[in-house]
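Here is a short tour to read alongside the coordinates. Please keep the 3D view open as you go.

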Number of protein chains: 2
Amino acid sequence: MGRRDRLKRKLNQPIVVEAPKTLDYSGFKFEITFRDTKSRARLGRLTTPHGTIETPNYIFCGTKASIKNLSPQHMRDAKTDIILANTYHLMIQPGPEVIERAGGLHKFMQWHGPMMTDSGGFQIFAMGHGGVADEIKGRNRNTNTRSLMGITEEGAKFKSYWNGDTLKLTPEASIDIQRRMGADIIYQFDECTPYHVERDYTATAMERSHRWGDRSLVEFEKGHNGRQALYGIVSGGIYDDLRTISCDWTKDRPFFGTAIGDCLGGSTEEFYEIVGKCMPQIHPDRPVHLLGIGAIRDVFSCVRMGIDTFDCVSPTRIARHGWALTRGGEGRINIRNAPFRDDQEPLDPSLDISASRDFSRSYIHHLFKAGELLGTQLVAQHNVAMINRLLREVRAAVKNGTLDALEKEWLGG
Amino acid sequence: MGRRDRLKRKLNQPIVVEAPKTLDYSGFKFEITFRDTKSRARLGRLTTPHGTIETPNYIFCGTKASIKNLSPQHMRDAKTDIILANTYHLMIQPGPEVIERAGGLHKFMQWHGPMMTDSGGFQIFAMGHGGVADEIKGRNRNTNTRSLMGITEEGAKFKSYWNGDTLKLTPEASIDIQRRMGADIIYQFDECTPYHVERDYTATAMERSHRWGDRSLVEFEKGHNGRQALYGIVSGGIYDDLRTISCDWTKDRPFFGTAIGDCLGGSTEEFYEIVGKCMPQIHPDRPVHLLGIGAIRDVFSCVRMGIDTFDCVSPTRIARHGWALTRGGEGRINIRNAPFRDDQEPLDPSLDISASRDFSRSYIHHLFKAGELLGTQLVAQHNVAMINRLLREVRAAVKNGTLDALEKEWLGG
């Protein structure tokens, strides 16, 4: 047997490592400050080396180390507490070495508050598989479809959308890159399976993701300096028994937080059911993040199930198509529509940023019509401010037991 | 002779009106506060209903009622005193009626400082003719070439780039639109001739532009409410004797200010010669604007000739291609270039805006590479701040007699 064959065999044999039993997260803290009596909703305080945020909260996507067309000042003015960046995109451009030499992501982006990076897995797998997950999660399927070239025990091979190079991501590499970028909250490497695969595939992938999680923990421990906290990911797709196994697996590992990941089904009902079944089985004292979900309706539903943090690209993505979020009514308006041509009202005068308060809908309508980028800039900042207000109001409503009433104000009904 | 023929003949006969002898500009003031002894350079203070600016100064182009991807707050933070918008673009989208219903351009754009609009002529003629003027003036020739359908005594017919509609602009319409939009400083309607035409054409066009100027004055007087000031335009192309006639014509009319317009030749030398010859013949007590010119070298040269205000799209246009202005060196760097990949220095830490001071060149380089719009936003604001600093320093240097030394600092030498 040649070297190549030995290697190939080795790669497809389970790589089993022993995860550390404990990890010192003394730079971090998660305190649950209030529990609802009628639901699993809870309030918390999540402390990181770059600041403390109240939960439930919303993590805005700065995919390529930039929130689309918004500066950190725009984000702060819109009362943003925490943002994320995507390892997959940043490993391709500018590369982790550039960010490391710049002193890490916080300094590179000039965002001085709490920050999270994902493991890179989601983009490789969900986009590479071309599955349903990206639809549910509102991700764009057009790029990178079929960029995934192969999954082995070691990790994933994929084609760079940048230059077609073959790239490889392993649990060790993902943790190494995330460490070098230096976000506060980082993620284990996992596979995100598509909706249309067989149960067997999901089970095999989950078991491999668990081994990848253990390898992530081992790699994390090596470089751990107390400035980062690692989240584990519950996978298992749409299968209750697999989800249970995965919940138990994360509970048994020294992750700081838990994320619900993998395929969340083909409909909102299915997704709510999966989250609802997972939540009682997840470590009760750790913060829980729901990966890639964040429509207003989902925030209400999932806060009730006990979710602490959300992330979704939609607030800034829909802004580029003219959608401005509203409190009540249809939940959003499209500023490009004709009725706004002469509408002298601002988007929402009760938000204290210029984008929402000072400019008329007529002006923003004109900016979109004229192809002026200031239009998307204003609507994007407005949407961020709206979502931050939503989460502020949700936290207050959990405390006051008025979440149902608040949901009606936002979504009608 | 049918009705149509009578009309046609009438349109090509000179339409002569008697311009008002005086106009009350009591809402405005232009004081010359200092004169250089070695050149025609001067300092002034230009008061408008929306504030007072020091001159020499620079008017930034908000072509379609928006400075490309910058908000009014960005412009204020970059210490901008005055901006302009283009009548040609705004008459097409959103239309003057929308801006009027919004309460005028200031309110529409949320720019509360001094503002200028041009007459719309430049875009119709320079782009329509497809001449050299747009090159000299750094305008984009690709759009609207041959959109000009015809010039009659009455005005100009052109094709809308928006929907192909045939539109007409006359002196009366231009003034009416500018009045409804409500900028502080507005312009007579004139023809901007191309470089390659015969002297006869330039002379005929100039005479017609003078008649259009008189018609502009008559129309202006009708609606004059003291909130706007009208500038006359010196035309005559590259011909000294025609320029002299045009200087005299503007001097004899009750314009508040004078602009040097029309074709300024085929080279920088020719353009400096034309401006240099005009300046001593222009009304000495009125503010002088140089239309569409504003490279750093031109600012130094033309301030010495007595120009009070400049305008040019270049600070924000070059930003979109990655060019960031520098004080000294080559005058600009292209942030997309490889040497900036790991450059941890900011664009210019001595400018007190975040765009210039806080973000590394490495980060901005990444933003351009990754196609992130925040990159152009940061560089555009930096360029605006640089130009405003240039003009602040130019004003101080005129006062101190150190303009030559300052020019060397900015441009080398």
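This is a predicted model: local features need pLDDT of at least 70, side-chain atom pairs count only at pLDDT 80 or more; totals for chains, interfaces and linings use all residues.

Residues are numbered from 1 along each chain as its sequence is written, with chains lettered from A and ligands numbered from 1 in the order in which they are written.

**The sheet in chain B**

- In chain B, three strands make an open antiparallel sheet, ordered E1-E2-E3; strands (E, at least two residues) and helices (H or I, at least four) are DSSP runs numbered from the N terminus, and two strands pair if DSSP finds at least two bridges between them.
- At the edges sit E1 (29–35) and E3 (51–55) of chain B, each pairing on one side only.
- On average, neighbouring strands are turned by 15 degrees against each other, direction ignored; axes are lines fitted to C-alpha atoms, for helices over the stretch in contact, and angles run from 0 to 180 degrees between N-to-C directions.
- Helix H16 (374–400) of chain B packs on this sheet and touches E1, E2 and E3 of chain B; contact means C-beta atoms, placed from the backbone, within 7 Å.
- The direction of H16(B) makes about 130 degrees with that of E2(B).
- Six bridges link E1(B) with the antiparallel E2(B), residues 42–48, and B:Glu31 stands opposite B:Arg45 in E2(B).

**Where chains A and B meet**

- Chain A has 33 residues in contact with 33 residues of chain B.
- On the chain A side, H15 (361–369) gives the largest share, five residues.

Methods: Two residues are in contact if their C-beta atoms, placed from the backbone, lie within 7 Å.
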